Amino acid sequence: MTPADLETCPGCGAVFHWRDGPVHPYMTSSPACWADYGEVLSREYSDPALLATHRLSVDAYAVQHPGTPSRQSIQSVGVHLIRLCQFLEHGLAPEQANESMLAAGKIKHTFSWLEPPESLGIVTVRDVLKTNGSAAHAAMVRRWAQSAWDAWAPHHEIVREWLVRSKERV
Ligand SMILES: [Zn+2]
């Protein structure tokens, strides 16, 4: 393959110009998709206006790249779906995001593998990288997160159950 070739990310399904490079150990993606995610994160780290957006990006990317069944992937998808549910259905404040992650972490050993849906959402990390300026970036991350959460609809009920259980343990 050369950079002129196109490659579909096995996680989110977005199409990228091929490139070689590292990928995450269990959030299975193409190297090009992982590189785009790295760029999105560095934009967010360097812009205080995007601090609140950052957690949503992490959640959206994680659930669009569920990988294959393993203890780590099961737990990662579970905690990130729980936090997306809280952000999008319960209006979780960004400052409560870590608390929510800790609560979910306490019950993550009880999660089971959720078979990823055929499509994991039409908005991907590529769309975020194409935006210009903090406001457009933040708005696209919101759409990205919603798209990823909606894609997991067949499993919303179980994620809501896990969310309730995680709160009971706090
Ligand atoms: Zn991807």
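**Helix packing and the nonpolar core**

Asp-127 lies in helix α5, which spans residues 125-129; helices (H or I, at least four residues) are DSSP runs numbered from the N terminus. The model is predicted, so local features need pLDDT of at least 70 and side-chain atom pairs count only at pLDDT 80 or more, while totals for chains, interfaces and linings use all residues. Residues are numbered from 1 along each chain as its sequence is written, and side-chain values use heavy atoms, with hydrogens and water left out.

Asp-127 counts as partly exposed because its relative accessibility is 22%; buried means under 20% relative accessible area, exposed over 50%, and partly exposed in between (1.4 Å probe, protein chains only). Residues up to four places away in sequence aside, Asp-127 touches Ile-122 and Met-140, where contact means heavy atoms within 4.5 Å. The side chain of Asp-127 also reaches the backbone nitrogen of Thr-124 at 2.8 Å. Between Asp-127 and Arg-143 there are 9.7 Å in space, C-alpha to C-alpha, and the two are 16 residues apart in sequence.

The largest nonpolar core has 46 residues, and those with the most contacts inside it are Phe-16, Leu-81, Val-125 and Trp-144. Such a core is a set of buried Ala, Val, Leu, Ile, Met, Phe, Trp, Tyr and Cys residues joined through side-chain atoms within 4.5 Å. Two or more residues of this core come from each of α1 (31-45), α2 (51-64), α3 (71-90), α4 (97-107), α5, α6 (134-151) and α7 (156-168). Helix α3 gives the most, with nine residues. In soluble globular proteins, nonpolar side chains tend to be buried together. Beyond its neighbours within four places in sequence, Val-125 is in contact with Phe-16, Cys-33, Asp-36, Tyr-37, Val-40, Tyr-61 and Trp-144.

Helices α2 and α6 pack at an angle of about 35°, and their axes are 9 Å apart. Axes are lines fitted to C-alpha atoms, for helices over the stretch in contact, and angles run from 0 to 180 degrees between N-to-C directions. On the α2 side, the residues that meet α6 include Leu-56, Ala-60 and Tyr-61, and those of α6 include Val-141, Trp-144 and Ala-148. The residues of this contact divide into nine nonpolar, four polar and one charged; Ala, Val, Leu, Ile, Met, Phe, Trp, Tyr, Cys and Pro count as nonpolar, Asp, Glu, Lys and Arg as charged, and the others, Gly among them, as polar.

Gln-75 is placed in helix α3. Its relative accessible area is 15%, and Gln-75 is therefore buried.

Conventions: Polar contact = N/O pair within 3.5 Å; in protein donor to acceptor, adjacent residues only side chain to side chain.
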